[in-house]
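This report is intended for a reader new to the structure shown here. Please keep the sequence and the model in view while reading.

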Protein chains: 2
Amino acid sequence: MGGEKKYHVSIIGSGNVAFHLAKSMYNADVMVDEIWSPNRKNRETLAKAVMAKATESLAGIIPTSNFYLIAVPDDKVKEVVGNLPRLKGIVAHTSGITPMEVISSRFKNSGVFYPLQTFSKQRDVNMTTIPFCIEGNTDAAAEKLTNLAGKLSQKIYAVNSNERKELHLAAVFVSNFVNHLYHTANTLIEENGLSFELLLPLIEEVAAKVKTLSPAAAQTGPAHRNDENTLNMHREMLNPHPDIKALYNLITHQIIKQYHE
Amino acid sequence: MGGEKKYHVSIIGSGNVAFHLAKSMYNADVMVDEIWSPNRKNRETLAKAVMAKATESLAGIIPTSNFYLIAVPDDKVKEVVGNLPRLKGIVAHTSGITPMEVISSRFKNSGVFYPLQTFSKQRDVNMTTIPFCIEGNTDAAAEKLTNLAGKLSQKIYAVNSNERKELHLAAVFVSNFVNHLYHTANTLIEENGLSFELLLPLIEEVAAKVKTLSPAAAQTGPAHRNDENTLNMHREMLNPHPDIKALYNLITHQIIKQYHE
């Protein structure tokens, strides 16, 4: 029979990113050797789901994996790298904001394996359309990480540490900050006894619009028209919510500045 | 043979809302009698597309329509209502922010016909899933407007003027303001020579997430984790963009306040 040799991967972490990477690798016929996490319940649950070993000891991690993917909170990457033993496989982190240097200064074969997406354990994601941003400390490492990403997704991009940092910042605006605006709208809706469901078709269309129009061309609304009556009525409605009013005023000001100054 | 009597509708306006209402009514087998607009090209193009009469004169509008839908910018509704002749059909506006009173003080049969969506002429929308917020100055008017909306959409809600105003304000946050965040991300992406396309799967997932999770449960990111290293790195990157930095700081502050205070 023969066929391709299977990739072996160890996942360092058991949070949202580790969870989705491990599961999609398992489904893509990549061997997940081991799940490391300081959280016993998380590592055991995830290891069981992908038929991997669960381990608490970074020093005792399986030394024969082809890849070690570090999927821990950004501010823990450095510490984890420092506690790993010498390894022959490629060690890569999955962080948008952390330079490759944090790993490549210690490991001969290293890189970055950054899936540009927001992950929650409660939601399945379609991994095949997620952009994977790949960087390697050598051409060989980059190629191997690209091949691994290719098992999961059709969208692989070579992105260096500086570009990735800018991408991560832009992603915060369209993801975490957008979600905060959803939360803000939800606050207003709920206190008026209205259903957030009413806003869902609008939310969907605004997100879909920028697939075919630039955000500048897609802009509509009272600030875009500089409709002072509506703006003032909104501001008055927000008097009981000084925080939301501050947000309203800042974004409104920036839209007016963009289109009317 | 026989069957239902067709509805006759005149559309006052030729902008984005008028355009999509007229087209979807035409496709739903509602007779569009007339398109009024001060913009000659717009009214003639739209009238031709829906086999209607184009008119420049509000005073001379066809008096036999069952409905007159006013789809003009919010700050023009009052003026248009003042210039309409006496009419027997139901006169309704399509504005989120304008009280019904603006029309009902003048017309015996009147109401509101507010589709909660963002419209651009360049984009088709699926009208059947758009929430229509209906109000009538009498039960009979509300019922007739509900029936008309039912020709276009499966989602009809009775919403009074005060609720509609709150809904409109919440919609600004999830629509115009969200789009401004997309624009802001695009600014950062473009100046680094990266493609906005990289962000599209993320944009889509963030919008999809709140169909099944509350915005509070869906929140992720460095502000949510109060990850000071990442926050400070982002702030430093934004030094050349004081406006974007102000936006970053305000939203970050509000997320931290929500989850950590």
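A:Asn186 lies in helix H6 of chain A, where helices (H or I, at least four residues) and strands (E, at least two) are DSSP runs numbered from the N terminus. The relative accessible area of A:Asn186 is 12%, and this residue is therefore buried; buried means under 20% relative accessible area, exposed over 50%, and partly exposed in between (1.4 Å probe, protein chains only). Leaving aside residues up to four places away in sequence, A:Asn186 touches A:Phe196 and B:Pro215, contact being defined as heavy atoms within 4.5 Å.

## Basis of the description

The model is predicted: local features need pLDDT of at least 70 and side-chain atom pairs count only at pLDDT 80 or more, whereas totals for chains, interfaces and linings use all residues. Residues are numbered from 1 along each chain as its sequence is written, chains are lettered from A and ligands numbered from 1 in the order in which they are written, and side-chain values use heavy atoms, with hydrogens and water left out.

## The interface between the chains

In chain A, 87 residues are in contact with 87 residues of chain B. The two chains bury about 8900 Å² between them, 68% of it on carbon and sulfur atoms; buried area is the accessible area (1.4 Å probe) that two parts lose on being put together, summed over both. On the side of chain A, the residues that lose the most area to chain B are A:Arg123, A:Phe173 and A:Leu198, together 8% of what that side buries.

Eight salt bridges are counted between chain A and chain B, a salt bridge being a side-chain nitrogen of Lys or Arg within 4 Å of a carboxyl oxygen of Asp or Glu. B:Lys257 forms a salt bridge with A:Asp243, with the closest N and O atoms 2.7 Å apart. The largest share of the side of chain A that touches chain B, 25 residues, is supplied by H6(A).

## Symmetry of the two copies

Chain A is superposed on chain B by a rotation of 180 degrees with 0.0 Å of shift along its axis (RMSD 0.0 Å). The two copies are thus related as by a two-fold rotation axis. The superposition is by least squares on the C-alpha atoms of residues with pLDDT of at least 70 in both copies.

Of the residues of chain A, A:Val178 comes closest to the rotation axis, at 2.8 Å (C-alpha). Because 100% of the interface residues of chain A are also interface residues in chain B, the copies meet through the same surface.

## Helix H7

H7(A) is mostly covered, with eight of its ten residues buried. Among them are A:Leu200, A:Pro201, A:Glu205 and A:Lys209. The buried residues of H7(A) pack against H6 and H8 of chain A, together with helix H6 (161-191) and helix H7 (200-209) of chain B.

## Two loop residues with positive phi

A:Met51 is not a glycine, yet has a positive phi of about 55 degrees. This residue sits in the loop between helix H2 (40-49) and strand S3 (53-55) of chain A, and at 65% relative accessibility A:Met51 counts as exposed.

A:Asn226, also not a glycine, has a positive phi of about 50 degrees. A:Asn226 is placed in the loop between H9 and H10 of chain A. With a relative accessible area of 28%, A:Asn226 is partly exposed.
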